[in-house]
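Notebook open, model loaded. I'm jotting down what I look up as I go.

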Amino acid sequence: MKRKLAVVGVGSAGLLSLIHFCTWLDDSWEIYSIHNPAKPILGIGESTNGGFVGLLERGTHFFLGNESDLDALDATLKFGSKFEGWRDNSWVNPLLDGNTAIHFNNFHFKDFVYERLEKLWPKQFRVIEGDVTNVSNRPDNVVVTIDGAEHTFDFLIDCMGFPTSYENYTMSDCTPVNRCQIHNVTDFQYEPYTDHIATKHGWMFGVPLKSRKTYGYMYNDSITSKEEVGEDMKQILGVDSLEDKEFVFKCYYTNNLVEGRVCKNGNKALFFEPLVANSIFVYIYAARLFYDYMMAGVCAEKTNAAFVKAVQEMEDVISYYYQGGSNHDSKFWKEATKKTKKRLDKRKEFKDMMAAYKTLKSKGVLHTAPAYGFSPITWEIVDEQMGYGYIS
Ligand SMILES: Cc1cc2nc3c(=O)[nH]c(=O)nc-3n(C[C@H](O)[C@H](O)[C@H](O)COP(=O)(O)OP(=O)(O)OC[C@H]3O[C@@H](n4cnc5c(N)ncnc54)[C@H](O)[C@@H]3O)c2cc1C
């Protein structure tokens with residue numbers, strides 16, 4: 001009898017977990033994609049890093065050189081994040097990993113992934129549509145209630161979106177922002193980067209797809225009102241009105257990525273603001289950790305510790321950008337600088353790693369150092385652009 005893995009949810013995290021496990025588990029497994037079509041995906045988060053393309057290449061035969069693959073995902077190429085207004089000169093921040101990524105439309109993602117998985121992994125890929133009302137995590141299996149019927153699996157990945165309670169989660173203080181105003185435009189000049197524009201009240205991302213460009217103005221609603229941000233955003237984009245679309249969020253991560261036979265991924269596992277497109281990068285790592293837990297017998301304690309370590313490195317990456325302020329001398333930036341500097345000052349791991357990078361750089365072998373969130377070479381570039389002097 002075949003062993004069974006269930007992946008619940010078809011947002012970005014559910015789909016990339018499906019791709020990962022269809023690729024790496026052999027034919028003795030069936031991988032079930034379970035979701036309730038009446039419950040929509042969050043539908044934001046379209047900027048990625050190199051590992052995402054690698055995953056798509058292996059699991060779906062997506063090919064960057066194939067224009068029809070890019071068309072299917074409304075995708076454009078991305079070579080990095082373009083930082084503007086943080087310092088006198090703008091610069092392109094390299095990707096968190098790899099050297100080419102994409103911006104993609106996650107409303108197109110499910111159809112693309114389902115079609116490819118059906119074609120490429122017919123012995124493994126299965127679909128169940130319905131509402132999950134209970135997940136029973138038992139010593140020998142996981143029993144899931146879908147539309148009132150019980151289904152049994154060996155393991156399950158919960159990608160059902162935001163947690164309903166934050167018990168056993170850590171609330172993060174890595175960022176000064178908690179809210180985002182969205183606006184889409186169709187008339188824009190494409191560049192192969194995700195914009196990261198420092199603004200008076202925070203920063204604004206710009207994600208170019210083939211059909212549109214999505215801007216998101218990140219700010220803190222206890223410092224700046226929605227109206228003030230709206231005025232600034234309209235002025236920057238040169239528009240008279242904005243869409244009525246926003247996200248209010250808190251940043252957090254689970255202390256227990258895996259528990260028994262269940263793993264969390266996506267917004268169920270963590271949420272950080274989207275600086276340098278960190279989310280999907282971490283979801284891919286979480287899927288790898290779960291594979292090692294399931295197949296290589298790595299224990300829960302080690303798996304959860306590895307996840308928390310990676311997530312805390314990402315928190316440091318986020319705080320790092322804010323701590324030196326931007327070209328804007330505003331209330332937001334004064335508070336952002338103070339808060340993130342104070343946080344980073346307490347992070348021994350971060351300071352030790354920067355000191356290690358400095359030593360290796362002085363010996364001309366920085367590239368041999370381990371990654372910390374992103375690669376040492378990227379740290380060197382950003383350190384120089386921000387003028388921090390941690391490394392050089
Ligand atoms: C403003 C903003 C910008 C962002 N930008 C980026 C970015 O550029 N790059 C990036 O990597 N990330 C970004 N993110 C993060 C992004 O939000 C996440 O990558 C994405 O939303 C992950 O969603 P998910 O797959 O966890 O869940 P969701 O998209 O919420 O999907 C949940 C799934 O679970 C299913 N479901 C839920 N409940 C049930 C149930 N009871 N039964 C059956 N099915 C169920 C739903 O049908 C759905 O398929 C951004 C976030 C914000 C707020």
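**Salt bridges**

I began with Glu231 and Lys234, which form a salt bridge with their closest N and O atoms 3.2 Å apart. My rule for a salt bridge is a side-chain nitrogen of Lys or Arg within 4 Å of a carboxyl oxygen of Asp or Glu. Glu231 and Lys234 sit three residues apart in helix H5 (residues 226-237), so about one helical turn separates them.

Ground rules before I go on. This is a predicted model, where local features need pLDDT of at least 70 and side-chain atom pairs count only at pLDDT 80 or more, while totals for chains, interfaces and linings use all residues. Residues are numbered from 1 along each chain as its sequence is written, and side-chain values use heavy atoms, with hydrogens and water left out. Helices (H or I, at least four residues) and strands (E, at least two) are DSSP runs, numbered from the N terminus.

How many salt bridges does the rule give? The count comes to 25. I looked at Glu30 and Arg126, whose closest N and O atoms are 3.3 Å apart in their salt bridge. Glu30 lies in strand S2 (residues 29-35) and Arg126 in strand S7 (residues 125-129), so this pair ties together parts 96 residues apart in sequence. For accessibility I use relative accessible area with a 1.4 Å probe and protein chains only: buried is under 20%, exposed is over 50%, and partly exposed is in between. Glu30 is buried at 12%, and Arg126 is partly exposed at 26%.

Next I checked Lys334 and Asp329, a salt bridge with the closest N and O atoms 3.1 Å apart. Lys334 is exposed at 53%, and Asp329 is exposed at 65%. I also noted one network, in which salt bridges that share partners join Asp173, Glu315, Asp316, Arg343, Arg347 and Glu349.

**Helix H2**

Is H2 enclosed or open? Nine of its 11 residues are buried, so H2 is largely enclosed by the rest of the structure. The buried ones are Gly50, Gly51, Phe52, Val53, Gly54, Leu55, Leu56, Gly59 and Thr60. Their cover includes helix H1 (12-24), strand S6 (101-103), H4 and helix H6 (278-295). Contact here means heavy atoms within 4.5 Å. After H2 comes His61, with a positive phi near 60°.

I then took H4 (residues 109-120) against H2 (residues 50-60): the axes come within 9 Å and cross at roughly 40°. That makes H2 oblique to H4. Axes are lines fitted to C-alpha atoms, for helices over the stretch in contact, and angles run from 0 to 180 degrees between N-to-C directions. Under 35 degrees counts as roughly parallel, over 145 as roughly antiparallel, 65 to 115 as roughly perpendicular, and the rest as oblique.

Who meets whom? From H2, Phe52, Leu56, Gly59 and Thr60 meet Phe109, Phe112, Arg116, Leu117 and Leu120 of H4.

**Sheets**

Strands pair, by my criterion, if DSSP finds at least two bridges between them.

Strand S11 (residues 155-158) is covered on both faces: Phe155 and Ile157 on one side, and Leu156 and Asp158 on the other, are all buried. S11 runs parallel to strand S1 (residues 3-8), joined by four bridges, and Val8 stands opposite Asp158. S11 also pairs in the parallel sense with strand S20 (residues 262-264) over three bridges, where Asp158 stands opposite Lys264.

I found an open sheet of three strands in the order S8-S9-S10, with antiparallel pairing. Strand S8 (132-137) and strand S10 (149-153) are the edges, each with a single partner strand, so one side of each has no neighbour in the sheet. The twist averages 20° from one strand to the next. S8 is joined to strand S9 (residues 142-146) by five bridges, with Thr145 as the bridge partner of Asn134.

Last entry: an open sheet of seven strands, ordered S5-S4-S14-S15-S16-S13-S17, with mixed pairing. The twist here averages 25° from one strand to the next. Strand S13 (residues 179-185) and strand S16 (residues 213-219) run antiparallel over seven bridges, and Gln181 stands opposite Tyr217. H5 packs on this sheet, touching S13, strand S14 (193-199), strand S15 (202-208), S16 and S17, and its direction makes about 140° with that of S16.
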